[in-house]
Amino acid sequence: MGAAVGHTLTEQKLSVTAVTAGRSERTVARARAAGIAPVATLEALIGGSDVVLSIVPPGSALEVAGQIAAAMRAARRAPTFVDANAISPATARRVAETIEDAGGRYVDGGIVGGPPTIGRETSLYLSGPGGEQLVDPLTTPELRVVWIGGDPTAASSLKMAYAAWSKGSTALLLAIRALAQHQGVEAALLEQWRRSQPDVLARSNAAARVSARAWRWSDEMDEIARTFEDAGLPGGAAAAAARLYERMASYKDVDDPPPLDDVLAAVLSPPQAASA
């Protein structure tokens, strides 16, 4: 996602940089192909940037914010920081406090859709003071940028609500297919879906495509669970989806989706307890 967002911005002649030292060859190659220029340190990145975009796995969002805040202090410069990660409003507030304590301006963000590319639009929602000023600079033919008001965590709230369905329903479909297979009624279930809900059948057949991304969706579903609970709603469904996606972690970043039956076998295998 980060490389794709960077690419759509460089296509609009914006200068985009990233610290690629210590990253995998695959990540470095993606950045190079996207036209993202490497810099050696976060201090150098801060020193040459007007806006910093954080697009990382949700479980790393707070750690990355801490590193950026430290770099702001070291560089004695505080650009606008946009957290575009799939995090709960509670986590977003912690990120905002971290950045603002270093003198930076925090803008909340939430990305909805797949990586922006030609022929497919991705939405970047922004909220909080100053977010409205970034709409025009960050908008591209592939990236739709929308400011949804001054609430400093509204964009994160919207992302949590949207992903609760898109990722939660995929997890539920995988769990249902695994259950039916385990109980020996999968063929009958698929025939009934074919007759009464062909769209559900199609979605379940395609569910294995999420395998490469499931490792980071587990953290996202935990953030969604916290969002529900903070609103006084049960978060158990999202937490269950997080545990299911954890069982698919072995497929991290695979180039081709595995057969659905392999994914269902992984879903049906409880995680191994750590040895003493």
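These legends accompany several close-up views of one predicted model. Residues are numbered from 1 along each chain as its sequence is written, and side-chain values use heavy atoms, with hydrogens and water left out. Because the model is predicted, local features need pLDDT of at least 70 and side-chain atom pairs count only at pLDDT 80 or more, while totals for chains, interfaces and linings use all residues.

**View 1. Helix H4, from end to end.** Helices here are DSSP runs of H or I with at least four residues, and strands are runs of E with at least two, numbered from the N terminus. H4 covers residues 61–75, and its 15 residues should span 21 Å at 1.5 Å a residue, which agrees with end C-alpha atoms 21 Å apart. The expected span is 1.5 Å times one less than the number of residues.

View 2. Ala61, Val64, Ala65, Ile68, Ala69, Ala71 and Met72 are buried in H4. Their arc around the axis is only 165 degrees, so they sit on the same side of H4; the arc is that of the directions from the helix axis to the C-beta atoms. Glu63 and Ala74 are exposed, on the face turned away from the buried side. Buried means under 20% relative accessible area, exposed over 50%, and partly exposed in between, with a 1.4 Å probe and protein chains only. The cover over the buried residues includes helix H3 (42–47), strand E3 (51–54), strand E4 (80–83) and helix H5 (89–101), where contact means heavy atoms within 4.5 Å.

View 3. Glutamate 191 pairs with arginine 194 at 2.6 Å, N to O, and with arginine 195 at 2.8 Å between the closest N and O atoms. In H8 (residues 186–196), arginine 194 is three residues from glutamate 191, about one helical turn. Arginine 195 is four residues from glutamate 191, again about one helical turn. Glutamate 191 is partly exposed at 30%, arginine 194 is partly exposed at 46%, and arginine 195 is exposed at 62%.

View 4. Aspartate 222 and arginine 243 form a salt bridge, with the closest N and O atoms 2.9 Å apart. Aspartate 222 lies in H10 (residues 214–230) and arginine 243 in H11 (residues 236–246), so the pair ties together parts 21 residues apart in sequence. Aspartate 222 is buried at 18%, whereas arginine 243 is partly exposed at 36%. Elsewhere, salt bridges that share partners join Lys159, Lys167 and Glu220 into one network.

Technical notes:
A salt bridge is a side-chain nitrogen of Lys or Arg within 4 Å of a carboxyl oxygen of Asp or Glu.
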